Amino acid sequence: MATSAPPVLPISNSQPAAAGGPGAVLTDAPANNPAFRAFINHLSTSLRHGLDQRRPWAELADRSAFSKPESFSEATLRVRKNFSYFRVNYYAVVSLILAISLLTNPFSLVLLAGLLASWTFLYLFRPSDQPLVILGRTFSDFETLAILSGLTVFVVFLTSVGSVLVSALMLGVAAVCLHGAFRVPEDLFLDEQDASQTTGFLSFLRGPAAVATAVPAVSARV
């Protein structure tokens, strides 16, 4: 009696996605990018350092230190002195007004978050040797930049995002100027101004070493 051969099991030979294939965009997540992690770490450190330099809120809202300025020049001088002293507090107030405006307009918040995510993950922290592939089509850096720039113009100027941002910033600047004009700065200690200007809040935006460390991929494309 002849014995039947054992059945042959099918073997699937799966190949990894090519470097330029559709799966390559999702394989190397931007969160695993060392430049992205370095930028986030530096951003959080700078924010903590900036918030540590804020003035006491009770000093900002001291009712006994408010008086009407006698002239426009005195008001502008007060604004400059108070901004030098309460700079971090003023940034926090403007940021709070901006956050409230976006939270009360969820559609604008979603559009702005999507725009920022597109710039972050599709251009700023995308490896320079990894092209952008969408639906099987490869886009060069110039094409990606052009598409994102056009998308930015559309979102900011042709939707409600621009009006929400502008109105919130104008309201925040008006609140800062109003407080600075009526707050008497004679009791403020401004001898720390020179030292705080180099290491103050948002200093990571103008530090050349921070930019070179955080976004080497962007400098390589420019």
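The model is a predicted one, in which local features need pLDDT of at least 70 and side-chain atom pairs count only at pLDDT 80 or more, whereas totals for chains, interfaces and linings use all residues. Residues are numbered from 1 along each chain as its sequence is written, and side-chain values rest on heavy atoms, with hydrogens and water left out.

The protein contains 11 helices and 2 strands, assigned as DSSP runs (helices H or I, at least four residues; strands E, at least two) and numbered from the N terminus. The order of elements from the N terminus is α-α-α-α-α-α-β-β-α-α-α-α-α. With contact taken as heavy atoms within 4.5 Å, residues 24 or more positions apart account for 80% of the contacts with a separation of 6 or more.

In soluble globular proteins, nonpolar side chains tend to be buried together. A nonpolar core is here a set of buried Ala, Val, Leu, Ile, Met, Phe, Trp, Tyr and Cys residues joined through side-chain atoms within 4.5 Å. The largest such core has 10 residues, namely Leu-102, Leu-112, Leu-115, Trp-119, Tyr-123, Leu-148, Val-155, Val-161, Val-164 and Leu-165. At least two residues of this core are supplied by each of helix 6 (106-124), helix 7 (141-157) and helix 8 (160-182), and the largest share, 4 residues, comes from helix 6. Another core, of 6 residues, lies apart from it and includes Phe-86, Tyr-90, Val-94 and Val-176.

Helix 5 (residues 87-103) and helix 8 have axes that come within 9 Å and cross at roughly 150 degrees, where axes are lines fitted to C-alpha atoms over the stretch in contact and angles run from 0 to 180 degrees between N-to-C directions. The crossing is right-handed, that is, the near helix is turned clockwise from the far one by less than a right angle. On the helix 5 side, Tyr-90, Val-94, Ile-97, Leu-98, Ser-101 and Leu-102 take part, meeting residues of helix 8 that include Val-164, Leu-165, Ala-168 and His-179. This contact has 11 nonpolar, 4 polar and no charged residues, with Ala, Val, Leu, Ile, Met, Phe, Trp, Tyr, Cys and Pro counted as nonpolar, Asp, Glu, Lys and Arg as charged, and the others, Gly among them, as polar.

His-179, a residue of helix 8, counts as buried because its relative accessibility is 16%. Beyond residues up to four places away in sequence, His-179 touches Leu-60, Phe-66, Asn-82, Phe-86 and Tyr-90. His-179 and Leu-60 are 119 residues apart in sequence, with a C-alpha to C-alpha distance of 8.8 Å.

Several loop residues were also examined. Phe-125, in the loop between helix 6 and strand 1 (132-134), is buried, with 4% relative accessibility. Its C-alpha atom is separated by 9.1 Å from that of Pro-34, 91 residues away along the chain. Lys-68, in the loop between helix 3 (57-60) and helix 4 (72-85), is exposed, with a relative accessible area of 67%. Apart from neighbours within four places in sequence, Lys-68 is in contact with Arg-78 and Phe-182. The C-alpha atoms of Lys-68 and Phe-182 are 5.5 Å apart, although 114 residues separate the two along the chain.

Most residues other than glycine have a negative phi. Leu-135, however, has a positive phi near 55 degrees. Leu-135 belongs to the loop between strand 1 and strand 2 (137-139) and is exposed, with a relative accessible area of 88%.

Notes: Buried < 20%, exposed > 50% of the residue type's maximum accessible area, 1.4 Å probe, protein only.
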